[in-house]
Amino acid sequence: MAFSTTKGTTTGLTFPHPDLTIIVGKPTYATVRKLQKELYANARTIPSTLGGGHNGHLALVMTNAEYLVISAVNYDEPVDPGAQPVHQANATAAQITEANRQYDATLLQVSLHVSVVNALRQQILCAVDNKYLMALEHPDLGYMVNPREMLVHLRTTYGDMPPLEIEMNRATLSAPWNPDNEIEDLWKRII
């Protein structure tokens, strides 16, 4: 893994969006949607065998229901295995080696999971003014919530499309389209 920095914090992870687009002022439907898209891309980039193994860590920024739609396999967060296992007195060298290998693999998976959660959380905190997230902040411990909860908070609190934007979107979609133009030009009109 190459090292990259996000606002001066070394994450040890390389994302396609090392710095999320900063939301200036109060978040809106469009700005939260862009933030979500960038977070999805970043989370998918870091490989994981969990949740079917095809979507990286995408489940860290999607609700379980959203993730199941694209994966059909639940993403079960890894559990810290605790202290190194104590081997039975009659364990063979092969059994001890295998138990240690499994322990190390689980520990590595947990460590990567925690690193991705922390990096994505930090990216959100750098992109969104604290006053729009402070409802999630613990008074003594700071932001202990995962990036999924932060994104859900932003979508439910600020992500509704106001009536004016709905009307503007409707007008854009209703504008005449020339069939001689590429169909992609029509799709780009959708917010």
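Gly159 touches Tyr29 and Leu154, leaving out residues up to four places away in sequence, where contact means heavy atoms within 4.5 Å. The model is a predicted one, in which local features need pLDDT of at least 70 and side-chain atom pairs count only at pLDDT 80 or more, while totals for chains, interfaces and linings use all residues. Residues are numbered from 1 along each chain as its sequence is written, and side-chain values use heavy atoms, with hydrogens and water left out.

**Gly159**
- Gly159 sits in the loop between helix 4 (147–158) and helix 5 (163–174), helices being DSSP runs of H or I with at least four residues, numbered from the N terminus.
- With a relative accessibility of 12%, Gly159 counts as buried, a term that means under 20% relative accessible area, against over 50% for exposed and partly exposed in between (1.4 Å probe, protein chains only).
- Between Gly159 and Val128 there are 13 Å in space, C-alpha to C-alpha, and the two are 31 residues apart in sequence.

**Asn146**
- Asn146 belongs to the loop between helix 3 and helix 4, and its relative accessibility of 16% makes it buried.
- A polar atom of the Asn146 side chain lies 3.0 Å from the backbone nitrogen of Arg148.
- Beyond its neighbours within four places in sequence, Asn146 is in contact with Val117 and Arg121.

**Ala72**
- Ala72, although not a glycine, has a positive phi of about 65°, whereas most residues other than glycine have a negative phi.
- Ala72 is found in the loop between helix 2 (64–71) and helix 3 (93–127), and it is exposed, with a relative accessible area of 66%.

**Largest pocket**
- The largest pocket has a volume of about 200 Å³, which is the space filled by probe spheres set on grid points joined across faces, edges and corners.
- A pocket is an open set of points on a 1 Å grid over the protein atoms alone, where a 1.4 Å probe fits, with protein on both sides within 12 Å along at least five of seven lines, and lining residues have an atom within 4 Å of a point.
- Its lining has 14 residues, of which Pro47, Ser48, Leu108, Gln109 and Leu112 lie nearest the centre.
- By class, eight of the lining residues are nonpolar, six are polar and none is charged.

**Confidence**
- The protein chain averages a pLDDT of 88, and 93% of the residues score at least 70, pLDDT being the predictor's confidence in each residue, from 0 to 100.
- Over residues 1–10 pLDDT stays under 50, and for this stretch the model has 26 contacts beyond four places in sequence.

Key:
Ala, Val, Leu, Ile, Met, Phe, Trp, Tyr, Cys and Pro count as nonpolar, Asp, Glu, Lys and Arg as charged, and the others, Gly among them, as polar. Helices (H or I, at least four residues) and strands (E, at least two) are DSSP runs, numbered from the N terminus. A polar contact is a pair of N or O atoms within 3.5 Å; within protein, one must be able to donate a hydrogen and the other to accept it, and residues adjacent in sequence count only if both atoms are side-chain atoms.
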